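I opened this structure for the first time today and kept notes on what I looked up. The entries follow the order in which I went through it.

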Amino acid sequence: MGGGSRRRRHRRLRARTPHADEPSSPPVAAPASLGIREAVVAEGPSKRTCDASGSASLPSSSGSHVWENLLDSLLHQIISLISSFHDLLAFRGTCPSWRAAASSFPSVYTFTLPPLHLEPAISHGIFNSNNPKWKLVDPAKRALSLCCSAPRITPCHRMRYLGCSYGYLIFLEREHCHLIDVYTGTKMMSPKLQSNSNSLIYYGILVAPLTSPNSRLILFSRTSILQWQAGTNSWTEHPHVGEPILQVVFFKGQMFAMDFVQRLHTIRIVPQLSIQEVAVVWEEGMLVGLHSKPWLVACGDMLLLIDLSVSVDLLFDFPGTFQVFRLDFSEEPAKWVKMENLDNWALFLANDRRNPTFSCMNPERWGGKGNHIYVPTALEDSDEPWTSLEVGQPVPSSTHHMSISYSATAHSSPLNGLWVLPSLVYGVCQ
């Protein structure tokens, strides 16, 4: 009688799935520790075990079996409710099946997490790219941070920073590119570059996560575009005439690029690399005063352009203004349309346009603010790693230098503060 009752209770337990709106859903609460290091998951040859470092043990082996075998569709619903990178790590550390579910989670949902702030270790005003060190801070868990480093790169030729993409810092060292995972510190080196224009390379970007079979590293130079498909041993080079590329963003499965004179383009990789200009209408008076180079941001189903303008006459003592425009594709040609505010979205920008931009919906979930733009602060001016600026409100002149560049390039040579999502967030569905 007792055994039958237990079996019935066990069947009822297996049939029940936690509701996504429950505030203390057991699957998310199972890992009690939200330490910055990812939990090690043990997997034996005959059975799977759930072992999250520092986490509370599950109440029984039958309970463990239940959580371990939840459907991926339910686990994906739980992941969509996670509001910090630390909580995602705890979720991944619960057991192998949960880790696999997180790895297969479509990266389209990464805008539910705020990005991490990467603060490079600066010594005597210089970032040592041959022995790189940095700190990652989660806006949702500011008390927890991770000091990271990568293996020393030899020979110690000076490396140039080319950008950050899909959780990897990209450096160029003479004839090779080095890709460094911002979370693990692991490094990958590309095949030798055969191009004669290596010294003219100024920007590097991945077109998909390195775990994807479609992953390619694209390098932009003054005279050509170079392409390396991950896993191969050679580069292909394509001539490029036209203005240099300022920034590349991914929006609805397409690569959009803005050049230095604010023309918009699409970049296609297959069947062959090509760049095509997108006809866009700029309203008269859309940009007034003195401007930085604008930012492109993919924000849900909107492609945004962010402009920071300052009065020419009162540059040094008059506040600037952030303006937000969305690209309206319903018209032909497409048209930039001004938005009065961002509603329940927060944006994350960095001075160097080669660094990724991010958007986050409902930032109040992790303590952020809607209709705000987050930018890294200059380390020598503030103890705060970043500041938030409300769209529609004056930007103090004292903060202009943190987020605006009047230079011809808006590409900073050394590595500065930036926003990043580690590579494990993107999953493998690319």
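**Entry 1, the whole chain.** I noted before anything else that this is a predicted model. I counted seven helices and 28 strands in the protein. Of the 430 residues, 51% are buried. I also looked at contacts between residues at least 6 apart in sequence, and 57% of these join residues at least 24 apart.

How many residues of helix 5 are buried? I found that eight of the eight residues in this helix, which spans residues 85–92, are buried, so helix 5 is largely enclosed by the rest of the structure. The buried residues I wrote down are Phe-85, His-86, Asp-87, Leu-88, Leu-89, Ala-90, Phe-91 and Arg-92. I then asked what covers them, and the cover includes helix 4 and helix 6 together with strand 1 (116–120), strand 4 (133–138) and strand 5 (141–149).

For helix 4 (residues 72–79) and helix 6 (residues 96–103), the angle is about 70° and the axes are 10 Å apart. Angles of 65 to 115 degrees count as roughly perpendicular, and helix 4 and helix 6 are therefore roughly perpendicular to each other. The crossing in which helix 4 passes helix 6 is right-handed. On the helix 4 side I listed Asp-72, Leu-75, His-76 and Ile-79, which meet Ser-97, Trp-98, Ala-101 and Ala-102 of helix 6. Sorted by class, this contact has five nonpolar, two polar and one charged residues.

I counted 17 aromatic pairs, taking ring centres within 6.5 Å as a pair. In the pair of Tyr-166 and Phe-250, the ring centres are 5.8 Å apart and the planes stand at 50°, so I recorded this pair as tilted. Tyr-166 lies in the loop between strand 6 (160–165) and strand 7 (168–173), whereas Phe-250 lies in strand 14 (residues 245–251), so the pair ties together parts that are 84 residues apart in sequence. Tyr-166 counts as buried at 12% relative accessibility, while Phe-250, at 28%, counts as partly exposed.

The pair of Phe-348 and Trp-366 is also tilted, because its ring centres are 6.2 Å apart and its planes are at 35°. Phe-348 belongs to strand 24 (residues 345–348) and Trp-366 to the loop between strand 25 (358–361) and strand 26, so parts 18 residues apart in sequence are tied together. Phe-348 is buried at 0% relative accessibility, and Trp-366 is buried at 10%.

Which residues form one aromatic cluster? I found Phe-348, Trp-366, Tyr-374, Trp-386 and Trp-419 in it. Tyr-374 has a relative accessible area of 6%, and under 20% counts as buried, so I noted Tyr-374 as buried. Leaving out residues up to four places away in sequence, I found that Tyr-374 touches, among others, Leu-347, Phe-348, Trp-366, Trp-386 and Trp-419. Tyr-374 and Leu-347 are 27 residues apart along the chain, and their C-alpha atoms are separated by 6.1 Å.

Methods
Residues numbered from 1 in each chain as written. Predicted model: local features only at pLDDT ≥ 70, side-chain atom pairs only at ≥ 80, totals over all residues. Heavy atoms only, no water. Axes fitted to C-alpha atoms, helices over the stretch in contact; angles between N-to-C directions. Helix = DSSP H or I, 4+ residues; strand = E, 2+ residues; numbered from the N terminus. Parallel < 35°, antiparallel > 145°, perpendicular 65-115°, else oblique. Left-handed = near helix turned anticlockwise from the far one by under 90°. Contact = heavy atoms within 4.5 Å. Nonpolar A, V, L, I, M, F, W, Y, C, P; charged D, E, K, R; others polar. Buried < 20%, exposed > 50% of the residue type's maximum accessible area, 1.4 Å probe, protein only. Phe/Tyr/Trp six-rings, centres within 6.5 Å; stacked < 30°, edge-to-face > 60°.
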